[in-house]
Amino acid sequence: MAQAQGMSQSAVSRCFTPGKSGSERMRTKILRAANELGYQPNAIARMLITKRSNLIAVIVSNLSVNPDFTSILSQHMIERGLNLLFFTLDQDADADRAIEQLWQYRVDGVISAAELSIDQIRVLRERGIPLVFINRLYDVMGANSVGC
């Protein structure tokens with residue numbers, strides 16, 4: 001789109017990135033051109049450039065989460081330009097599957113309201129994925145906890 005409209009790629013990128021600077025005139029021009037062309041930013045291309053997916057994984061045990069929690073959490077993440085990817089665990093084996101998918105989706109972090117093994121925590125730490133447990137306390141390096 002940038003090349004077709006005689007604009008720089010960085011100007012178009014800034015226009016579609018919340019909080020980035022740019023003139024209102026240029027932003028209006030870019031958004032008008034994007035609308036006319038039916039352009040939508042490519043999240044995968046952005047991820048390859050920024051090395052961030054803007055995805056936060058939420059791991060919960062089946063039926064263990066208050067619906068208000070997920071709604072409030074989702075709202076707070078959206079306000080920060082992040083998206084949630086939910087994993088519901090029915091059995092212990094589901095946690096291993098979920099952790100493999102976390103890596104495949106290149107999530108930027110994990111919030112877990114489900115129990116994870118020490119080995120599963122270690123895998124996340126080794127892969128550099130930040131982990132926060134909600135209402136679960138672990139005295140293990142790489143496992144941060146928030147409780148009430």
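These questions and answers go through helices and loops of a predicted model.

Residues are numbered from 1 along each chain as its sequence is written, and side-chain values use heavy atoms, with hydrogens and water left out. Because the model is predicted, local features need pLDDT of at least 70 and side-chain atom pairs count only at pLDDT 80 or more, while totals for chains, interfaces and linings use all residues.

Colleague: How far apart are the end C-alpha atoms of helix H4 (residues 67–79)?

Modeller: Helices (H or I, at least four residues) and strands (E, at least two) are DSSP runs, numbered from the N terminus. The expected span is 1.5 Å times one less than the number of residues. For the 13 residues of H4 that should give 18 Å, which agrees with the distance in the model, 19 Å.

Colleague: Which residues of helix H6 (residues 118–126) are buried?

Modeller: Buried means under 20% relative accessible area, exposed over 50%, and partly exposed in between (1.4 Å probe, protein chains only). The buried residues of H6 are Gln 120, Ile 121 and Leu 124. The arc is taken from the directions from the helix axis to the C-beta atoms. These residues cover only 100° around the axis, so they lie on the same side of H6.

Colleague: Is Asn 54 buried or partly exposed?

Modeller: Asn 54 lies in the loop between helix H3 (43–50) and strand E1 (55–61). Asn 54 has a positive phi of about 60° although it is not a glycine. At 24% relative accessibility, Asn 54 counts as partly exposed.
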